[in-house]
Amino acid sequence: MKSMDLGDKKSCWGNSKDTWRTTLVLAYQSLGVVYGDLSISPIYVYKSTFAEDIHHSETNVEIFGVLSFVFWTLTLITLFKYVFIVLRADDNGEGGTFALYSLICRHAKVSLLPNKQTADESLSTYKLTQPPKGENVSKLKTLLEKHKTLHTALLILVLLGTCMVIGDGVLTPVISVFSAVSGLELSMSKAHHEYAVIPITCFILVCLFALQHYGSHRIGFIFAPIVLLWLLCLSGLGLYNILYWDPHVYKALSPYYMYKFLKKTEKRGWMSLGGILLCITGSEAMFADLGHFSYAAIQIAFSFLVYPALILGYMGQAAYLSKHHQMAHDISYYVSVPACVRWPVIVIAILASVVGSQAIISGTFSIINQSQSLGCFPRVKVVHTSDKKHGQIYIPEINWILMILCIAVTIGFRDTKHMGNASGLAVMAVMMVTTCLTSLAIVFCWNKPPILGLCFLLFFGSIELLYFSASLVKFREGAWLPILLALILVTIMFVWHYATIKKYEYDLQNKVSLEWLLALGTSLGISRVPGIGLVFTDLTSGIPANFSRFVTNLPAFHSILVFVCVKFVPVPFIPPAERYLIGRVGPPSFRSYRCIVRYGYRDVHQDVDSFETELVNRIADFIRYDWTHPEPASDPGDEDDGFQSTTSPGEYRLAVIGNSRAFESEESLQQVSVSGSFQTVESIADIIDVEMNPPTRTRRVTFAVDDHNDSDEPEDLQMREELQDLLDAQQSGTAFILGHSHVKTKQGSSVWKRLAINVGYNFLRRNCRGPDVVLRVPPVSLLEVGMVYVV
């Protein structure tokens, strides 16, 4: 669905009427994206709960106890925890596991991402707040920052939550569609419905995944009406059953019925909690999809529509079953639906289950894309299915793997009990991870006392641990599946991340000095050929080893040389005006530049044509800026102001070059700039010049050389000459120079390291997309340099 950008949000506050209208529209749209999974859960909660451990009796203790548990679980976990607390822990409006992790990493130095720069903290979306002076907060923060094992443990926790979300992407479509289709069993004999439900479920799932490459935006406009219609059916049938069968069923909402339930059922009642927890399936989607809507919209939709409809639906089923004890062994949602409207309800339920499945599939694509951006997942092809709606992506490999797993689970489990056990454990594991991360965010990001974060962790964590233990007991009855999937995925993600870090460390230790590059010339037999050479590297300073290997084997390089570092910052998005950091490598006559292109984990990557054009335009803007704003000479006063003159030879300042900063004034302006020294993890001082947006009218400079400029100033002549060289090189063509790496371990490495690198990582590298595919580099422009990494 369409997201609100910051500009829209700011403009809305100018008119309260427009604000409420926009919020209500977003609340309506959120029904089709956020609440499809949660709203379909009444179909299978009671059936899963009464599948084996407990049975419906004439005393109604069991059915009323389950209703009480469902009510309080929805109220405490979904309403209080998510709607009122967790949704506020957003990262610039974005939610989800990685949003919490990136938020914590920015407030505490616990990130394991490579090529970090202090300059990244100058981004407008970084949003660092000054913590209050609290001894307990500083001690906790110091403890977390000091021990690297805690950094790794935090990353593994995040990866575990991510893997459980992916596992939920396999299990939710299966149980939702299967439960909706199972309504057909009431219209056919038991001997026949088993041969109809499974094939129909598989057919719907195949169609659902086969249509993913078209993008949900094409049919997304009908998602909200379908879920709204389903919620109206759910609440209407619930209200009918309450009034017709048992108007006093509301008394079962009292916590006393929970006590009576556990007192009678004892251990069997505790084990049945694995089915009850399915009532909150989809609650995590409210937080994960926060970036597509707004906090107020999701809060309004749940509090005033979804929550009441769900409670009425569960109460209506309980009221019906309290008067029909003969159905103790055949508890199903559809038995409480009057026969005259059963077929329309089945059709609406199937459509709603498809909508709910679509939401979790899209969420799986999104979180895998985020994992890949942060270097925690093998490279896959990401297709953006919509040019207008942010976040609409499709990953072919993941789509077909999910489809195969969904079909296998449907055929393998064949009943709601095993599906529910598997889905319940995955859901609760994700919620426990969110609880742990939110407790840290309360302390580090909201600057609250540690005791408050501990209370949040203990209160909600104890509830979730109770449900998790009940699911874990069902390990042999389906709960093994999400654990197996999580172990496989965590291993893949951690091995990939570990090898990525080791490769970066190797590049850092083996980078070539700038003196070596500056010494290259005709005396050494090096020639410059027409064109632009883009050398891709993970380093933010120095010369990568793959370029030295390239020049050694082919003693020539392009007339314009650009060292490009595409890096990811732990923020959801980076404004285009702050994306490019550009500087010189060597003197201006060398025609060599460094460009650091920064992306957030939710940013849409440009295709190669637009990226190449944008990069050349930004370099042209930098050339104009550099010649008109000469770097000040260092003196003692500069050092007091934060300037340093201790940069390595050939290292020059990096300037933030963006649309708002590449301008040509039509009037005489007094330029205002903020300069400072920023040190990277590689101990290279990067001087970042950030120009403030001028208050007067500006126009963007296009990349063209002004031949009508009659100025004879040496600086103007040199600037025009450099711009002309850049234009000529662009017209000659661009070559993309990438490293083709093979990684192996050092002699004497441990068995685990050899398994991880020599076997695991190299297998993944050979069977995933190459960097040229991810960057969409045309084969005709690709130059690959073979590199062996010994880590």
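What share of the 791 residues in the protein is buried? In this predicted model, buried residues make up 57% of the protein. The accessible surface comes to about 33300 Å². Carbon and sulfur atoms account for 61% of that surface.

Next, the overall build. The secondary structure comes to 27 helices and 13 strands. Look at contacts between residues at least 6 apart in sequence: 83% of them join residues at least 24 apart.

Now go inside. The largest nonpolar core holds 167 residues. Within this core, Tyr35 and Trp230 touch the most other members. Helix H15, residues 295–321, supplies the largest share of the core, with 17 residues. A second, separate core has 32 residues. Among its members are Tyr580, Cys595, Tyr625 and Val777.

Which residues does Tyr35 contact, leaving aside its neighbours within four places in sequence? The partners are Ser30, Val227, Met286, Ile298, Ala301, Phe302 and Val306.

Helix H6 covers residues 97–107 and is mostly covered itself. Of its 11 residues, 11 are buried. They include Phe98, Leu100, Tyr101, Leu103 and Ile104.

Turn to a helix pair. Two packed helices are described by the angle between their axes and the distance between the axes. Helix H5 (residues 61–83) packs against helix H18 (residues 416–444) at an angle of about 30 degrees. Their axes lie 12 Å apart. The crossing of H5 past H18 is left-handed.

Which residues meet where H5 and H18 pack? H5 brings Ile77, Lys81 and Tyr82. H18 brings Met431, Thr434 and Thr435. By type, the contact residues divide into three nonpolar, two polar and one charged.

Finally, check the backbone in two loops. Most residues other than glycine have a negative phi. Asn60 is not a glycine, yet its phi is positive, at about 65 degrees. Asn60 sits in the loop between helix H4 (45–49) and H5. Is Asn60 buried or exposed? Asn60 has a relative accessible area of 11%, so it counts as buried, the cut-off being under 20%.

Asn447 also has a positive phi without being a glycine, here about 60 degrees. Asn447 lies in the loop between H18 and helix H19 (450–472).

Terms used: Residues are numbered from 1 along each chain as its sequence is written. This is a predicted model: local features need pLDDT of at least 70, side-chain atom pairs count only at pLDDT 80 or more; totals for chains, interfaces and linings use all residues. Side-chain values use heavy atoms; hydrogens and water are left out. Axes are lines fitted to C-alpha atoms, for helices over the stretch in contact, and angles run from 0 to 180 degrees between N-to-C directions. Helices (H or I, at least four residues) and strands (E, at least two) are DSSP runs, numbered from the N terminus. A crossing is left-handed if the near helix is turned anticlockwise from the far one by less than a right angle, and right-handed if clockwise. Contact means heavy atoms within 4.5 Å. Ala, Val, Leu, Ile, Met, Phe, Trp, Tyr, Cys and Pro count as nonpolar, Asp, Glu, Lys and Arg as charged, and the others, Gly among them, as polar. Buried means under 20% relative accessible area, exposed over 50%, partly exposed in between (1.4 Å probe, protein chains only). Accessible areas come from the Shrake-Rupley method with a 1.4 Å probe; for residues, only the protein chains shown count as cover. A nonpolar core is a set of buried Ala, Val, Leu, Ile, Met, Phe, Trp, Tyr and Cys residues joined through side-chain atoms within 4.5 Å.
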